[in-house]
Amino acid sequence: METGNITAFIVTNEHSSIQQFRDVAEIILDQSQQRPKLGIILGTGLGALASDINDSVVIPYNTLPNWPTSTVKGHAGRLVVGNLEDQPTLVMQGRAHYYEGYSMDAVGFPVRVMKMLGIDTLFVTNAAGGINPEFEAGDVMLISDHINLIGMSGLSPLRGPNISEFGPRFPDMMHAYDPELRKMAFQVGSKCGYGVHQGVYAGLAGPNLESPVEYRMLKTIGADAVGMSTVAEVIVARHSGMSVLGVSGITNRANLDGTSYTTLTEVLEVGKVIAPKILKIVLGVVRQLQ
Ligand code: HPA
């Protein structure tokens, strides 16, 4: 999707060292009294969720060494560290994507810094295209599993020497999305009275949207929604034993029959409708974590 100013700061390092994660964690700890246990990554058009954080410290990504800055409209590019429902929380207002020019290592970098900070639960949100014909633009989908199409073709955030302080060489992906967190989220969403689905997220590289035949292929292989993020972050989180809740905001229906177009403007507009829905789910689950 549309890119803003790509600075000279594009991070392409293939294999970050544990010291690089430690250094950034220390900078964050120096600036905030909080010791967050929960991390939240806000996707395209969903950044408004950060305004519910109290007593917050704001840290721009470009002040953190090796942290991938956001170059996409709809991604503020800053960390907000504070209290969410009295729970110490670190929020990423915007993320980095592979299509921006970052290595997969860089895309996963923030999650490893979170682990260094002591964060053990990660909520990931994204904007996604709805492939399941029952999904409408404006719906919410709790991610039950993913199809790592980028990773299957070789682009894994775990490629390279394994950092065993984080986790094993061959991490299991059986429960990539924590069933308990998802159950809580589903109960909260159902009570709010709007459509909350559960389904499979297919992660692609982008930045182009899919062709009608590609959308149909994704439907055939079992995907309910498709997007250009999330999977790498979740794999890095699960490698280091974090529990994950994944929430997709369905911003557009997949163009399965080749009759409609999708634009970033549409994604951002529908994102405004979805953000409060996702916020209610996030807040409802956070309350139960205490
Ligand atoms: N495809 C891929 N990524 C997306 C889409 C889509 O249809 N909508 C929002 N992000």
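This is a predicted model: local features need pLDDT of at least 70, side-chain atom pairs count only at pLDDT 80 or more; totals for chains, interfaces and linings use all residues.
Let me begin with P207, which is found in the loop between strand 7 (196-203) and helix 5 (212-220), where helices (H or I, at least four residues) and strands (E, at least two) are DSSP runs numbered from the N terminus. The peptide bond that leads from G206 into P207 is cis, with omega near 5°.

Residues are numbered from 1 along each chain as its sequence is written, and side-chain values use heavy atoms, with hydrogens and water left out.

Now to the ligand. Which residues surround the ligand? They are A127, A128, G129, L209, E210, Y215, V226, G227, M228, T251 and N252, a residue being counted as near if one of its heavy atoms lies within 4 Å of the molecule. Strand 5 gives the largest share of this shell, three residues, and strand 5, strand 8 (225-227) and strand 9 each supply at least two.

Turning to polar contacts, which are pairs of N or O atoms within 3.5 Å and which, within protein, need one atom able to donate a hydrogen and the other to accept it, with residues adjacent in sequence counting only if both atoms are side-chain atoms, a nitrogen atom of the ligand is 2.6 Å from an N or O atom in the side chain of E210. A polar side-chain atom of N252 likewise lies 2.6 Å from a nitrogen atom of the ligand, and a polar backbone atom of G129 is 3.3 Å from a ligand nitrogen.

N66, in the loop between strand 2 (54-60) and strand 3, has a positive phi of about 70° although it is not a glycine. T230, in the loop between strand 8 and helix 6, has a phi near 75°, again positive in a residue other than glycine. Are these two buried or partly exposed? With buried meaning under 20% relative accessible area, exposed over 50% and partly exposed in between (1.4 Å probe, protein chains only), N66 is partly exposed at 26%, whereas T230 is buried at 2%.

Finally, N148 lies in strand 6 and is buried, with a relative accessible area of 16%. A polar atom of the N148 side chain lies 2.8 Å from the backbone nitrogen of G151.
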